[in-house]
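Subject: Structure handover

Hello,

Here is the structure we spoke about, with the sequence alongside. My notes on what was found in it follow below.

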Amino acid sequence: SEEEVEMLEKVLNAWRCAKKWLRGINGVLDVLNEDIERENRKYDAHFLGCRRQAHTPSVYQKGVILFRDVVLLYTASRARRLQGAIRRLASHEIDLPDEYFDVMTSFQSLLEELDVMDDLTGGGSIHGQSKLRKMFLQPLRMLQCEHTHLTRTGKVRMFGGDRDLIYGPGSEGEGGWG
């Protein structure tokens with residue numbers, strides 16, 4: 001667990017530095033951000049009722065997108081190591097020491113901060129937001145739901161479409177659990 005926590009702390013520290021820098025740059029470029037927001041409103045008004053196809057991010061949002069795409073998603077091996085660390089820590093959430101739990105909570109907050117709309121204005125085909133959700137946010141939330149359900153009922157909930165399958169003491173699918 002210590003290695004997993006160290007890995008997540010490195011990412012958290014990098015984000016703290018990047019976020020501080022981004023806020024400074026964003027503040028200096030207020031006029032540019034106002035122009036971007038004005039253009040986004042024009043686009044929204046023009047295509048009212050249609051699914052939004054383009055979004056010009058603010059300077060800060062562009063920095064968030066770059067951090068997410070480079071630090072979390074750029075290499076598959078790093079993304080898998082981070083996924084594994086999160087999975088292992090989340091599966092032991094109740095048994096974690098307080099400082100590990102704090103790191104896990106901070107990392108989940110980081111993931112939610114990085115969940116911003118992609119920049120599709122240049123015709124880009126990068127889908128960083130959907131990758132972030134698929135690789136990190138959804139599995140983490142599912143682990144938390146399973147763990148919470150198991151803690152309350154002693155049963156594991158397996159999510160699958162319209163219905164949840166529940167295994168554990170007293171359920172039809174009890175075999176093998178116990």
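Helices and strands are DSSP runs, at least four residues long for a helix and at least two for a strand, and they are numbered from the N terminus. On that basis the elements of the protein chain run α-α-α-α-α-α-β-β from the N terminus on, which comes to six helices and two strands. Please keep in mind that this is a predicted model.

Overall figures

The protein chain has 178 residues, of which 33% count as buried. Among contacts with a separation of 6 or more, 62% are between residues 24 or more positions apart.

Core

The largest nonpolar core has 32 residues. Within this core, Leu 8, Leu 72, Phe 107, Leu 111 and Phe 136 have the most contacts. At least two core residues come from each of α1, α3, α4, α5 and α6 (128-153). In general terms, nonpolar side chains tend to be buried together in soluble globular proteins.

Phe 136 is worth a look in the viewer. Neighbours within four places in sequence aside, Phe 136 is in contact with Leu 72, Leu 73, Ala 79, Leu 82, Gln 83, Ile 86, Leu 111 and Lys 131.

Helices

Helix α3 has 14 residues, and 10 of them are buried, so that this helix is mostly covered. The buried residues of α3 include Arg 68 and Asp 69 as well as Val 64, Ile 65, Phe 67 and Leu 72. From first C-alpha to last, α3 reaches 20 Å, close to the 20 Å expected at 1.5 Å a residue.

Helix α4 (residues 76-91) has 16 residues and a reach of 22 Å between its first and last C-alpha, close to the expected 22 Å.

As background, an α-helix has 3.6 residues a turn, so residues three or four places apart point the same way.

Aromatic pair

The count of aromatic pairs comes to one. Trp 15 and Phe 67 form this pair, which is tilted, with 5.0 Å from centre to centre and 55° between the planes. The pair links distant parts of the chain, as Trp 15 is in helix α1 (residues 2-28) and Phe 67 is in helix α3 (residues 59-72), 52 residues apart. Trp 15 counts as buried because its relative accessibility is 4%, and Phe 67 counts as buried at 8%.

Loops

Two loop residues are buried as well. Ser 58 is in the loop between α2 (30-46) and α3, and with 17% relative accessibility Ser 58 counts as buried. Residues up to four places away in sequence aside, Ser 58 touches Asn 26, Asn 33 and Ile 36.

Asp 118 is in the loop between α5 and α6 and counts as buried at 8% relative accessibility. A polar atom of the Asp 118 side chain lies 3.2 Å from the backbone nitrogen of Gly 128.

Regards

Methods: Residues are numbered from 1 along each chain as its sequence is written. This is a predicted model: local features need pLDDT of at least 70, side-chain atom pairs count only at pLDDT 80 or more; totals for chains, interfaces and linings use all residues. Side-chain values use heavy atoms; hydrogens and water are left out. Rings of Phe, Tyr and Trp (its six-membered ring) pair if their centres lie within 6.5 Å; planes under 30 degrees apart count as stacked, over 60 as edge-to-face and the rest as tilted. Buried means under 20% relative accessible area, exposed over 50%, partly exposed in between (1.4 Å probe, protein chains only). The expected span of a helix is 1.5 Å times one less than its number of residues. A nonpolar core is a set of buried Ala, Val, Leu, Ile, Met, Phe, Trp, Tyr and Cys residues joined through side-chain atoms within 4.5 Å. Contact means heavy atoms within 4.5 Å. A polar contact is a pair of N or O atoms within 3.5 Å; within protein, one must be able to donate a hydrogen and the other to accept it, and residues adjacent in sequence count only if both atoms are side-chain atoms.
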